[in-house]
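Thanks for coming, everyone. Let me put the structure on the screen, and then I will walk through it piece by piece.

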Amino acid sequence: MWWRLELFFLFILSAYFFFQPQTSLAQSLAFSRNARTFDSVQSTLFVKGMGHACLSMLRLPDGLPCNPAHVPFQKKPELGIQTLLSNGYSSLSNVRKLIKGEINQELVDGLFSESKIIQIEASADINFKTNLFNARYTPLNVKGFSVVRNEANPDVELSIVEEEGFLFQSGYEVYPNFLIGAQVRTLQRKFIKKRFKLVFLGTSEGKDYLKPETQRALYLEPGFTWIFPKLWNFRVSGMYVNWGDVSKDYADFPIPPELQMSVGFSPPVPWGHLDFSIDYKSLEYDESGLEKIRLGMAYQFGAMHFSTGLDQNGSSAGIYYGLNQINAGVMFSTTRVLNENEEFFTQTVYVQLGWGI
Amino acid sequence: MKFLIQVALLSSMTLTFAACSKNQSTDLNSEDVILKSYMLIDSQRTDEAIDVLEIELSKNPGNQKVRSALASAYAHKGGIRVQKLVSAVAKVEALSDLSEAVLGRDEGISLSENIDKIALSTAKIFSHFSNVFALYESIPTVTKDESIYVSHAISLLDEIGDSIPQEDALYRAILSIVLFKHLFSENLIGEVLKTKFEAGGCQLNIGEINDSIIKLGKLLLSILRDLKISNPSQAGDLEKVSDEISSTTSNLTLATSSLIVIDSAASVFLQQNFIENGLGKLIRCGGD
């Protein structure tokens, strides 16, 4: 009879998903805003490869677990550095100038006149992991995305976020196979999230339009995982994210608290280790219920880690090799920028290099 | 295993419900139509973009954003591919220098001297104006057919009225500059080129040149009006320039009109005057 209890639990979960408000009625032709272009979540290459479906993943090879309840699964202490860079890095200096407020005519021309889509991401992390607590310091995390449409009167949608932050997480197994945890996240961010006609920058109202906003944030994010070892290590995980305080709220960049849920399982395979994960989570505030569903798969064989993920806005796949001290990975991602009858995808390649002891 | 099957069934149901709820809202709203038109414009399917926007505008005639998008679609059909608008419009401040170029009509001197003086002013205004805008050089000269679409785009923006947003006013100014360039090259240079080269001079049609000067003057004034809307902080300077341009254009047309009836050699005089006073670099006779 034990499974009826779980079944009831899953029914409640399903009802929660179903009754979530379908917020994005005009999402079918969204200008460029979607979870893969405007996401506000820092993630490693492996997590990006899984399409961010990582909440029920017990261990991640290249960073801290997504769910703090999984801290006890860290077998031995590790200290490491990871650096990640995407293609489009030639725009990195321009994007950073923009976020620093060093705006001039040459910069604007360079950013918006030369290509229709700019996508850039770069980050550096210092991670420390033990089976009692994990910590991560991120000195730099930059994400930039812009799309220019209508060459007769260019209309631009721009998202640039630069963050510096610290994360501390700890977890504990309160009952056999039931774990809880929490993480504290502090960060300082500068961001520009605007949509405007390029010509608007030449008006008096547009002179300071691209001035970056600043925000400080402190979040406390609890999580749990319930594991059923006999059923392919079936896992149900949950986490309440973005619960905390910010120095100032901005309509351009709302980050509301959210309950995220995930189920995962690990079917036995003859060689290596296979994980599946289905998450219900937002990466960006304006996502419909269906967009929040993310499917991820990870396969490990020796030092090789393969990950792939899928959601409504794109797909991704990556391969990562982790040796004793040096690790490296590459990931390919497609992102839907405009859909309906005219599918339009942009491709991004990420490279990550790391060192650890 | 039975449990996993149950999970799969429940997940399927959830996805189905979610998908159904999504499909109920597939009607495109005005914003979606605009975005779709952008995509069509960028795919060089401008006629389709115009069609979808015309239909949307007929449904929502008061929607300023749709009207603005339709104007840009017609501008695109008129050959407008604007990439560096911002650098062009950023030099608006330089327009205030135009006032230095303007000289008034003096009742105390002869007609020919007045023509000389006013033509000098006009030449300076037009030449200075074209140099002020980096955009002027970057925008290709449109053909006569294309200029019709650009004019229509401007008239669509005119229909927005006084509530026109700053960015649309500035866009209208830029389209007007394109039209200005077209009129300048077609109606002045073009008029000279198609006249027969006779006895070492060009036979100018003073009446048409007069009309062109009036059109160019009006365009210049409408551009300045739009620049005032988009940059209210410079409204004072631009207002002064507008008044002076209006006065100079009026004086010049009055003087050239006088020439038509007074002297049959007036056209030769006017041509020489234009050449001497700066417009000569724009007026070519016999292909030189």
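I start with contacts. In chain B, among contacts between residues at least 6 apart in sequence, 74% join residues at least 24 apart. A contact here means that two C-beta atoms, placed from the backbone, lie within 7 Å.

A word on the basis. This is a predicted model: local features need pLDDT of at least 70, side-chain atom pairs count only at pLDDT 80 or more, and totals for chains, interfaces and linings use all residues. Residues are numbered from 1 along each chain as its sequence is written, while chains are lettered from A and ligands numbered from 1 in the order in which they are written.

Chain B next. It has 13 helices and 2 strands. Of the 288 residues in chain B, 42% are buried. Buried means 20 or more other C-beta atoms within 10 Å of the residue's own; exposed means 12 or fewer; partly exposed lies in between; C-beta atoms are again placed from the backbone.

Now the domains. The assignment for chain B gives domain 1 as 30-77 and domain 2 as 85-281. Such bounds come from an automatic or database domain assignment. Domain 1 of chain B brings 8 residues to the contact, and domain 2 of chain B brings 10. On the domain 1 side, 4 are nonpolar, 2 polar and 2 charged. For the classes, Ala, Val, Leu, Ile, Met, Phe, Trp, Tyr, Cys and Pro count as nonpolar, Asp, Glu, Lys and Arg as charged, and the others, Gly among them, as polar.

Look at helix α3 of chain B, residues 46-59. At 1.5 Å a residue, its 14 residues should span 20 Å, and the end C-alpha atoms are 20 Å apart, which agrees. The expected span is 1.5 Å times one less than the number of residues. Which residues of α3(B) are buried? Thr46(B), Ala49(B), Ile50(B), Leu53(B) and Glu56(B). They cover an arc of only 135° around the axis, so they sit on the same side of α3(B). The arc is that of the directions from the helix axis to the C-beta atoms. The buried residues of α3(B) pack against α2 (30-42) and α4 (64-77) of chain B. The face turned away from that buried side carries exposed Asp47(B), Ile55(B), Ser58(B) and Lys59(B).

Next, helix α9 of chain B, residues 144-158. Its 15 residues should span 21 Å at 1.5 Å each, and its end C-alpha atoms are 21 Å apart, in agreement. Buried in α9(B) are Tyr149(B), Val150(B), Ala153(B), Ile154(B), Leu156(B) and Leu157(B). Their arc is only 160° around the axis, which puts them on the same side of α9(B). On the other side, Lys144(B), Asp145(B), Ser155(B) and Asp158(B) are exposed.

What does Leu179(B) touch? Leaving out residues up to four places away in sequence, Leu179(B) touches Ser147(B), Val150(B), Ser151(B), Ile154(B) and Leu219(B). Leu179(B) lies in helix α10 of chain B, residues 166-194. It is buried, with 22 other C-beta atoms within 10 Å.

Over to chain A, and to strand β7, residues 234-241. 6 of its 8 residues are buried. Strand β6 of chain A, residues 213-228, pairs with β7(A) in the antiparallel sense over 6 bridges. Pairing requires at least two DSSP bridges between the strands. Gly223(A) stands opposite Met239(A) in β7(A). β6(A) and β7(A) make a hairpin with 5 residues between them, and Trp232(A) in the turn has a positive phi of about 55°. β7(A) also runs antiparallel to β9(A), residues 258-265, with 7 bridges joining them. There, Ser237(A) has Ser262(A) as its bridge partner.

Last, helix α3 of chain A, residues 92-99. Asn94(A), Val95(A), Leu98(A) and Ile99(A) are its buried residues. They fall within an arc of 135° seen down the axis, so they line one face of α3(A). Their cover includes α4 (105-112) and β2 (117-129) of chain A. After α3(A) comes Gly101(A), with a positive phi near 85°.

Terms used:
Helices (H or I, at least four residues) and strands (E, at least two) are DSSP runs, numbered from the N terminus.
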